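Colleague: I am new to this structure and would like to learn how to read its features one at a time. Could we go through them together?

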Amino acid sequence: MPRFDLNRRQFALTVSAGLGLAALGGGSARAATTVSKVRFQSGGETLVGDLHAPVAGGLKPAVAIIGPMTYHKEQAPTQYARRLAAAGYVALAYDSRYRGESGGEPRAWENPAAKVEDLIAAVDHLASRPDVDPNRIFVLGICQGASAAVVAAADSGKVAGLATIAGHYRDHEGDIAWLTQEGYDRRLANGLAARARYQATGAVDYVLGVSQTDMNVGMPGEFVWVWYQPWADRGMWENRYAVMSDADLLTFESLSAARRLSTPWLMIHGDNCFLPDAARRSFDAVPSTTRKAMVWDDTPHLSYYDQPADIDRATARVVDWFARA
């Protein structure tokens, strides 16, 4: 079960380059926006996204947004896309393959390498648009989407700036802190067996995505269940997890990408967010020649998913960072 350090500490802001706070509310101008459905290709599959864009003409900066583990675009990505569009960005909230409206089989397969490819494809789609400045395309990663975002930013060559919020930064040490060694070994073995069975027979083994009581699910623990289950109850999120996902998830890491990152990076995290030590390891791994900034406060992890004041504050920091990238 994910564990959170609930010791509260005084707000701290650590920067290696100046970070001012832009206000999105109050007296600041908010652009009129539109939302349209877009489709683009990744790995031979059609991905579907909602494009939030300012009405005003001319070339605009753009942001591709990737959400948490098992996410659908209507969840946290849409919260940020709406605000970023109001701040003047073309913001793309999309479903990664195997979930939501996007294609790909089997369904509910959590494949981080595919998510990196999808995010790079989202950046490429934005770069191809006539209303987007191809030199001002950014990436925003939320929770586990932060790991894919770090890798995509390191590999794409088209990402002008990176921001991550409440990130689940993947490395082996973090996996052991998350699952324990015994839990890690069990899940990896089950995932490898499920993948072998799928490759041999085409049969997919599934468990629930979340459960209030069953710990043998994709994201165990009541804390996570309380947030995700209402989405499943409304038919807006599929509470299902392909067991073979663990063969991909638990062998994926983003720490090596952080070590070679040259894209300016803003990390928003804190002791009440998931695996704070893993966040620090990733931040510290970035080369000294790369501009980076860290906002570290006591905001609870899931507040960055749906609490308007916390999302407003985080978005303002992201907008300010991208303006300086």
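This is a predicted model: local features need pLDDT of at least 70, side-chain atom pairs count only at pLDDT 80 or more; totals for chains, interfaces and linings use all residues.

Colleague: Which residues of H5 are buried?

Modeller: They are Val224, Trp227, Tyr228, Gln229 and Trp231, and what covers them includes helix H9, residues 303-306. Ring pairs also link Trp227, Tyr228 and Trp231 with Trp237 and Tyr305 into a cluster.

Colleague: How is a pair of aromatic rings described?

Modeller: A pair is described by the distance of the centres and the angle of the planes. In this structure the count comes to 12 aromatic pairs. One of them joins Tyr98 and Trp109, a tilted pair with 4.7 Å centre to centre and 35 degrees between the planes. Both residues lie in the loop between strand S5 (90-94) and helix H2 (112-128), so the pair ties together parts that are 11 residues apart in sequence.

Colleague: Are Tyr98 and Trp109 buried or exposed?

Modeller: Both Tyr98 and Trp109 are buried.

Colleague: What is the volume of the largest pocket?

Modeller: The largest pocket has a volume of about 280 Å³. Of the 17 residues that line this pocket, the closest to its centre are Arg186, Arg187, Met215, Asn216 and Val217. Helix H4 (residues 172-201) gives the largest share of the lining, 7 residues, and by class the lining has 9 nonpolar, 5 polar and 3 charged residues.

Terms used:
Residues are numbered from 1 along each chain as its sequence is written. Side-chain values use heavy atoms; hydrogens and water are left out. Buried means under 20% relative accessible area, exposed over 50%, partly exposed in between (1.4 Å probe, protein chains only). Helices (H or I, at least four residues) and strands (E, at least two) are DSSP runs, numbered from the N terminus. Contact means heavy atoms within 4.5 Å. On a 1 Å grid over the protein atoms alone, a cavity is a set of points where a 1.4 Å probe fits but cannot get out, and a pocket is an open set with protein on both sides within 12 Å along at least five of seven lines; lining residues have an atom within 4 Å of a point. Grid points are joined across faces, edges and corners, and a volume is the space filled by probe spheres set on the points. Ala, Val, Leu, Ile, Met, Phe, Trp, Tyr, Cys and Pro count as nonpolar, Asp, Glu, Lys and Arg as charged, and the others, Gly among them, as polar. Rings of Phe, Tyr and Trp (its six-membered ring) pair if their centres lie within 6.5 Å; planes under 30 degrees apart count as stacked, over 60 as edge-to-face and the rest as tilted.
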